[in-house]
Amino acid sequence: MKRIFKDCRVVTMDSPVNDIDGYQVKEHCNILVEDGVITAVGENINDGDCEVTSLGGRLVTPGLIDSHTHLIHAGDRAAEFEMRLNGVPYEEISRRGGGILSTVKATRAASVEQLTELAVPRAQALMRDGVTTIEIKSGYGLTLKDELKMLQAARNLGEQLEVNITTTLLGAHAIPPEFQGHSDDYINLVCEEMIPAAAEDDLADAVDVFCESIAFTPAQCGRVFEAAQAHGLKIKGHTEQLTNQGGSALAARMGATSVDHVEYIDMVGVETLARHGTVATLLPGAFYFLRETQKPPVNLLRKNGVPIALATDFNPGTSPFASLTMMMNMGSTLFGMTPKENLYGVTRHAAQALGLHNKGQIAAGFDADFAVWDLNEPAQLSYQIGLPSLHARYLKGERSSDL
């Protein structure tokens, strides 16, 4: 089926970030779509034998991509948030059953159906923000059964809603209570049971690890990456959020599509990302919520040509924010990124962070996933928060009806 979208103002994102052309608004543009794929973009496109849709001169961007979320979980940590603000130290909160293990307990107690139902409004909030693709991690189950349960709930979400879902096994998110003091044994479980099962059941597209002083060592993370690749899964990393463990460089050398957080990455890490084409995904929501002071080295990443993505990191403990456009604003106000860098960060570079070569641009050969906005210019996506500006979302050329 052929369809032409006429009378739109298109921001294609089809040039590298250091080239202004892809970010410039192309006036009086048409987008030709065939069988869900863009076949032509321009002013003079033959619309014979096509279904015609006029977009009324509105601004069109690629559909936004949230490339790092923890959307599947049960429970919340609002009480913990309040305790922290009342001066209760984290150690005491943890002793009372708070912290990540409280989310683990609630998630283990929930069924696949309950986890899916809880995630629906979270995903819909992102969709109302112009998001057409969401990455969802596991990591709050920390047993074979519960990690697979989380991944199944994420797959179910993609079947219930009009949104693209990619899934990531994050079994190596934290050391579960039953393995305290035996982290190598837990890594054995991740490598020898979780990864093979997730791959066999087609529940995961990628595997992630938390390489940090409070989580897993670079050597343990390397084992996880090797197991993932042996089963044909992409790799990603939570790295350099709290300390510099060298996890970013390790992940890049092993072919990771992205490393995420990276507040403490050093020059060696940045140069390694640049050399291997690995995306640095910044998560300003967690930086803001935790009131951190160590910013990711944006200038260093820029100077070395490292692609920068932005994501919500939506999770119950450190970034309970379901707005990717708010992350774009934070990218500027907290990290000094430009509106152009922000938009690349949630489209072209976000697609690269997920290894999705058919999304993130409005160009021939790409999926016809785009967002239509009641806005004058793309900088407004980074400038204002809370005002409804999304007119419509299209997935493979079909207008979404479930906002």
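Predicted model: local features only at pLDDT ≥ 70, side-chain atom pairs only at ≥ 80, totals over all residues.

Trainee: What span should α4 have, and what does the model give?

Mentor: Its 16 residues (112–127) should span 22 Å at 1.5 Å a residue, and the end C-alpha atoms are 22 Å apart, which agrees. The expected span is 1.5 Å times one less than the number of residues. Helices (H or I, at least four residues) and strands (E, at least two) are DSSP runs, numbered from the N terminus.

Trainee: Which residues of α4 are buried?

Mentor: Among them are V112, L115, A119, V120 and R122. Buried means under 20% relative accessible area, exposed over 50%, partly exposed in between (1.4 Å probe, protein chains only). The cover includes α3 (100–109), α5 (144–160) and β14 (390–395).

Trainee: OK, at what angle do α3 and α5 pack?

Mentor: About 75°, with their axes 10 Å apart. Axes are lines fitted to C-alpha atoms, for helices over the stretch in contact, and angles run from 0 to 180 degrees between N-to-C directions. That makes α3 roughly perpendicular to α5, a label for angles of 65 to 115 degrees.

Trainee: Which residues make that contact?

Mentor: T107, R108 and A109 of α3 meet D146, K149 and M150 of α5, where contact means heavy atoms within 4.5 Å.

Trainee: Switching topic: is H28 buried or exposed?

Mentor: H28 counts as exposed, because its relative accessibility is 58%. It lies in strand β2 (residues 26–34), and its phi is near 50°, a positive value in a residue other than glycine.

Trainee: And where is V262?

Mentor: V262 is in the loop between β10 (258–261) and α9 (267–276). It has a positive phi of about 55° although it is not a glycine, and it is buried, at a relative accessible area of 0%.

Trainee: What does T239 touch?

Mentor: Not counting residues up to four places away in sequence, T239 touches C211, G247, S248, V259, D260, H261 and V262. T239 belongs to strand β9 (residues 234–239).

Definitions and conventions. Residues numbered from 1 in each chain as written. Heavy atoms only, no water. Parallel < 35°, antiparallel > 145°, perpendicular 65-115°, else oblique.
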